[in-house]
Amino acid sequence: MLKNLLNKLKILLKRLLGKSVYVCTYSKDFIKKSFKNKNKAPKNNKLFSLVTNIFKKRKFGFIAVFSIIFIYYGLGIIISSKINTNLEYKLSAPNNTRYTTNALIYTLKTQVDDTQWTPALPIIFPAYFLDNLPNFQIGTKDAIKHLVKKMSAYYIDSELKKAGELLNYAPNIWLFSKTNDDTIAPGSAKQYRKALALLNSFSTKQSALYPLDIKELKYFLNSLDSLLDNNIQKLDKHIREHSTDLINHRTDDVFYYTQGNAYVIYYTIKGLTKDYQDQIVEAELYDDITTILKNLETAINFNPISIKNASPEDVYLANHLIYLAYFLSQAQNKLKSVSYNIELKTRELIK
């Protein structure tokens, strides 16, 4: 890992120094040509003369400054660009809490506490220029918001309602609001940490107030199904409207935003499987759950070097959004099957 990082840094330094020397040489040649051509050279322009003299005397200083800036941002981008998608974490439920709620807590924590919240960073931070990680983090946050609001509607709980409102806060606030007056406002990460605290508080009372119910499982499965459906429709819409575009900078935004959603769905299903393990095994749905998780895992780990959105009819170029939509569709189909079987189980219990 360290060796690869050093090699990347070495290549980056060579490129940046080369570009700096090129800019300096080009500027120097341009100034010489300007002075050789007396008809085009600025006459009695003291400001121009002052600038050129400063550049001649301090050219190595300029190279050093530009190099430091390039190194600061280049190295910073390399270090802070890693997306936190650890799928090996083993969910726990301490003090009689629920695995499902802890899954939401864990996924939000990985993006707000364990990783710097990049969508809100100003230009002074190298991560400001990142694209993939911010969209993944926003996708994760929005998926959690969707499920928290569904939980709030089911449990009618004030803490969940407040957490949903906090997660609805704009993701790009660092210190100042985005209104015209630029007033000081709470940072996005700070608001999401408050939501995290409320989720932790709710988890401590959930089991006591709301015993496990097969209807609750059905409700959660339907919520996840609607979330998957939203993502598949969003991918389909972007493919239909932009696959013929020569240049489209939104394709990778949609791709990583969708992966952020899939990351939350993956852990939520793992949590539900642990909370309702007996019912799932009794209904012989364990294999279907495993297939869902495998498809989501493939979607999350799918990492092309460059995200393409070529026309579906194109023979030579790929469309990675179609691949992503395929894995999500496979997961959704199995999820519908599980939900249907749970529905049958619910009807049997009512009878």
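This is a predicted model: local features need pLDDT of at least 70, side-chain atom pairs count only at pLDDT 80 or more; totals for chains, interfaces and linings use all residues.

Residues are numbered from 1 along each chain as its sequence is written, and side-chain values use heavy atoms, with hydrogens and water left out.

**Helix 8**
- Helix 8 covers residues 214–242; helices here are DSSP runs of H or I, at least four residues, numbered from the N terminus.
- From first C-alpha to last, helix 8 reaches 42 Å, close to the expected 42 Å (1.5 Å times one less than its number of residues).
- D213 caps the N-terminal end of helix 8, with a side-chain oxygen 3.1 Å from the backbone nitrogen of K215.

**The largest cavity**
- The largest cavity has a volume of about 50 Å³; a cavity is a set of points on a 1 Å grid over the protein atoms alone where a 1.4 Å probe fits but cannot get out, and lining residues have an atom within 4 Å of a point.
- Volume means the space filled by probe spheres set on the points, which are joined across faces, edges and corners.
- Its lining includes L217, L221 and T273.
- Helix 9 gives the most to this lining, with 3 residues.

**The second largest cavity**
- About 40 Å³ of space lies in the second largest cavity.
- Among the residues lining the second largest cavity are R98, E216 and L272.
- Helix 4 (99–112), helix 8 and helix 9 each give two or more residues to that lining.

Notes: A polar contact is a pair of N or O atoms within 3.5 Å; within protein, one must be able to donate a hydrogen and the other to accept it, and residues adjacent in sequence count only if both atoms are side-chain atoms. On a 1 Å grid over the protein atoms alone, a cavity is a set of points where a 1.4 Å probe fits but cannot get out, and a pocket is an open set with protein on both sides within 12 Å along at least five of seven lines; lining residues have an atom within 4 Å of a point.
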